[in-house]
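These are my notebook entries on a protein model, written down in the order in which I looked things up.

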Amino acid sequence: MPVDMRWFPALGLLALWCLAAAPALALDVRFVPAAPRPGDLVVVSLEGEPPARVTGTLGERSLAFFARGRVHVAVAGVDLDTPARPLAWQVRVEDASGRARHVAGTLSVTPREFTVQRLSVPGSMVDLDPETERRALAETARLRAVYGTVTADRLWEGRFIRPVPGEGPGRGFGARRVINGKPRAPHAGVDFAAVTGTPVFAANRGRVALVGEFFFPGRLVVLDHGLGLHTVYFHLDRIDVNEGVLVERGATIGAVGATGRVTGPHLHFGAQVRESRVDPDLLFTLSVPD
């Protein structure tokens with residue numbers, strides 16, 4: 001059968017019209033806070049027609065998104081040692097047909113002042129012998145490996161709660177520590193004063209990723225809340241959970257103690273978003289769609 005070539009231009013125009021009429025992938029990306037400080041949690045949200053897949057980065061860290069209806073959300077962290085500077089970000093979305101778009105920009109990290117803490121502890125807890133130093137370095141590497149683990153599912157639900165009874169925020173996040181007159185690493189968590197034996201609660205639903213007794217943190221528990229978010233509980237007198245167990249928010253995971261390098265009984269409570277050390281007090285006001 002002969003082909004009427006007069007139809008080809010019309011068919012070409014129809015194809016172009018179909019492409020033009022296809023809805024564009026919405027890329028409305030928002031950051032809260034819009035100008036974070038070192039140690040801040042950042043909620044990244046993408047609103048619009050639900051894409052099939054969302055990926056992205058903030059600085060050198062990957063973003064792990066979860067979907068809630070028309071919104072995709074990721075919780076990111078700005079490490080407490082991040083200098084005030086523009087932090088590059090990018091988000092890529094892909095629809096069910098494989099079409100992809102991405103947007104990129106910068107997020108301005110604003111300055112933050114931290115206090116200076118001067119502490120005195122036994123010299124053996126600061127100037128380590130070679131064997132103890134090797135132990136401490138191995139334990140630090142083990143913690144970092146846990147923090148770098150990203151569970152694909154979001155395990156936490158609703159608000160995070162204070163891990164010990166009482167009211168008020170923890171103290172000392174980001175403090176520049178001078179121990180026995182020598183500058184040391186900044187304090188990466190907050191301290192809650194409490195007497196030995198005070199129960200310690202899971203701040204939210206999560207899986208016990210690590211139980212141990214380390215040189216500096218003493219007896220410890222690390223909870224994996226999913227999507228790269230972990231909380232840590234140091235200097236415990238006792239531990240009431242085992243690795244691998246899923247615990248609910250408010251479950252007792254141990255008791256306050258004075259193990260490890262401490263000047264007295266208290267709970268050191270920390271939060272990590274992957275490798276970023278963030279202010280755990282900000283978890284108590286973290287608001288994401290459920």
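**Entry 1: a glycine in a strand**

I looked up G212 and found that it counts as buried, at 14% relative accessibility, where buried means under 20% relative accessible area, exposed over 50% and partly exposed in between, with a 1.4 Å probe and protein chains only. I note here that the model is predicted, that local features need pLDDT of at least 70 and side-chain atom pairs pLDDT 80 or more, while totals for chains, interfaces and linings use all residues. Residues are numbered from 1 along each chain as its sequence is written, and side-chain values use heavy atoms, with hydrogens and water left out.

G212 lies in strand β14, residues 206-214; strands (E, at least two residues) and helices (H or I, at least four) are DSSP runs, numbered from the N terminus. Leaving aside residues up to four places away in sequence, I listed G218, R219, L220 and I239 as the residues that G212 touches, a contact being heavy atoms within 4.5 Å. I also checked G212 against E139, which is 73 residues apart from it along the chain, and the C-alpha atoms of the two are separated by 9.4 Å.

**Entry 2: an alanine in β18**

Next I turned to A255, which I found in strand β18, residues 252-256, and which counts as buried because its relative accessibility is 0%. The residues that A255 touches, not counting those up to four places away in sequence, are G197, T198, P199 and V200 together with L236, D237 and R238. A255 and T196 are 59 residues apart in sequence, yet from C-alpha to C-alpha I read 7.1 Å in space.

**Entry 3: aromatic rings**

I then went through the aromatic rings, where a pair is described by the distance of the centres and the angle of the planes. Rings of Phe, Tyr and Trp (its six-membered ring) pair if their centres lie within 6.5 Å, and planes under 30 degrees apart count as stacked, over 60 as edge-to-face and the rest as tilted. The count by this rule comes to eight aromatic pairs. One of them is the tilted pair of F192 and F269, with 6.3 Å centre to centre and 45 degrees between the planes. This pair links distant parts of the chain, since F192 is in strand β12 (residues 189-193) and F269 in strand β19 (residues 266-273), 77 residues apart. I checked burial for both partners: F192 is buried with a relative accessible area of 1%, and F269 is buried with 0%.

F269 also pairs with F284, and here the rings are stacked, at 6.1 Å centre to centre and 5 degrees between the planes. F284 sits in the segment after β20 (276-278), 15 residues apart from F269 in β19, and this pair too links distant parts of the chain. I recorded F192, Y233, F269 and F284 as one aromatic cluster.

**Entry 4: backbone details**

Which two residues does a cis peptide bond join? I found V32 and P33, with omega about 0 degrees, and P33 is in the loop between β1 (28-32) and β2 (41-47).

I noted L227 for its phi near 60 degrees, a positive value in a residue other than glycine. L227 has its place in the loop between β15 (218-224) and β16 (229-239), and its relative accessible area of 9% makes it buried. R274, likewise a residue other than glycine, has a positive phi near 55 degrees; R274 lies in the loop between β19 and β20 and counts as buried at 17% relative accessibility.

**Entry 5: the whole protein**

Last, I took the totals. The protein has two helices and 20 strands. Its radius of gyration is 24 Å, well over the 19 Å that the globule rule gives for 290 residues, so the protein is more spread out than a compact globule; the radius is taken over C-alpha atoms, and the rule is 2.2 Å times the number of residues to the power 0.38. The C-alpha trace spans about 95 × 40 × 35 Å along its principal axes.

I noted that 46% of the 290 residues count as buried. Of the contacts between residues at least 6 apart in sequence, 69% join residues at least 24 apart.
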